[in-house]
Amino acid sequence: MNSLPAHRLDPRMLRAWYISDVVGIAVVAVLAMAAWAIVRHLGGDVFWVYLAAGVIEAICVGDLLISPRIEYATWRYDVTPTDVDLYHGVFTKKRVLVPLVRVQHVQTKQGPILRAHGLATVTISTAGESFEIPGLAEDDANELRDRVAELARLAKEDV
């Protein structure tokens, strides 16, 4: 169990993360303009709005330039007959083994950005938590969902 899981995310997920981050930057810019308009209307000093918005935007751009590549490079997963093995993280690496006997349900989901790139996220839920594998090709996500569901059913029958 010392080796890392073998499967990686679809390369298109990198572009989806970039687009998601750009959307976030645009939302922050719109909120900053709204804050500027409110402060200006109330006769306040807009310098603080510029400063706060600038700092937040700089952090968002820094995250855009660094985080998606590292996240993509570290995301790995495997499904064995007994567990789902997940490994990911940018600053804090996280390794999770989800016993299939604990799986309650498995689903796939897509937002508009993932759908536009032909990707989906697989969510594996237990009684206490949910675990996601983002950025799989739609067919791969559906296949993984069905495989995990079947293995979970078989694991519960064996208990």
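A: Begin with two terms. Buried means under 20% relative accessible area, exposed means over 50%, and partly exposed lies in between (1.4 Å probe, protein chains only). Contact means heavy atoms within 4.5 Å. Now apply them: the buried residues of α2 pack against β1, α1, β2 and β3. This is a predicted model, in which local features need pLDDT of at least 70, side-chain atom pairs count only at pLDDT 80 or more, and totals for chains, interfaces and linings use all residues. Residues are numbered from 1 along each chain as its sequence is written, and side-chain values use heavy atoms, with hydrogens and water left out.

Q: What does the protein average in pLDDT, and which elements have the lowest and highest means?

A: pLDDT is the predictor's confidence in each residue, from 0 to 100. Where it is low, the predicted coordinates should not be read in detail. Here the average is 92, and 99% of the residues score at least 70.

Q: Which residues of α1 are buried, and what covers them?

A: An α-helix has 3.6 residues a turn, so residues three or four places apart point the same way. In α1 the buried residues are Met13, Leu14, Ala16, Trp17, Asp21, Ile25, Val28 and Ala32. Their cover includes α2 (47-74), α3 (112-116), β6 (119-125) and β7 (130-137).

Q: Where does α2 bend?

A: The bend at a residue is the angle between axes fitted to the seven residues ending there and the seven starting there. α2 bends by about 35° at Leu64, and Pro68 follows within four residues. From first C-alpha to last, this 28-residue helix reaches 40 Å, close to the 40 Å expected. Both Leu64 and Pro68 are on its buried list, which also includes Val49, Ala53, Glu57 and Tyr72.

Q: What is the strand order in the sheet of four strands?

A: Two strands pair if DSSP finds at least two bridges between them. The order is β1-β2-β3-β4, an open sheet with antiparallel pairing. β1 and β4 (94-99) are the edge strands, each pairing on one side only. β1 (residues 7-8) meets β2 (residues 76-79) over two bridges. His7 has Tyr77 as its bridge partner in β2, and Tyr77 in turn has Leu86 in β3. Four bridges join β2 to β3 (residues 83-88), and a hairpin of three residues links them. Val79 stands opposite Val84 in β3.

Q: At what angle does α2 run to β3?

A: Axes are lines fitted to C-alpha atoms, for helices over the stretch in contact, and angles run from 0 to 180 degrees between N-to-C directions. α2 lies across β1, β2 and β3, at about 150° to β3. α4 also packs on this sheet, touching β2 and β3, at about 45° to β2.

Q: Why is one side of β5 and of β7 left without a neighbour in the sheet?

A: The open sheet of three strands runs β5-β6-β7, paired antiparallel. β5 (105-109) and β7 stand at the edges with a single partner strand each, so one side of each has no neighbour in the sheet. The twist averages 20° from one strand to the next. Five bridges join β5 to β6, and Thr108 has Val122 as its partner in β6. α4 (residues 138-158) touches β5, β6 and β7, at about 145° to β7. α1 lies across β6 and β7, at about 110° to β7.

Q: Is His117 buried or exposed, and what about Asp10?

A: His117 is buried, with a relative accessible area of 13%. This residue sits in the loop between α3 and β6. Beyond neighbours within four places in sequence, its contacts are Arg12, Arg15, Ala16 and Ile19. Asp10, at 16% relative accessibility, also counts as buried. Asp10 lies in the loop between β1 and α1. Setting aside neighbours within four places in sequence, Asp10 contacts Tyr72, Leu119, Gly135, Leu136 and Ala137.

Methods:
Expected span 1.5 Å × (residues − 1).
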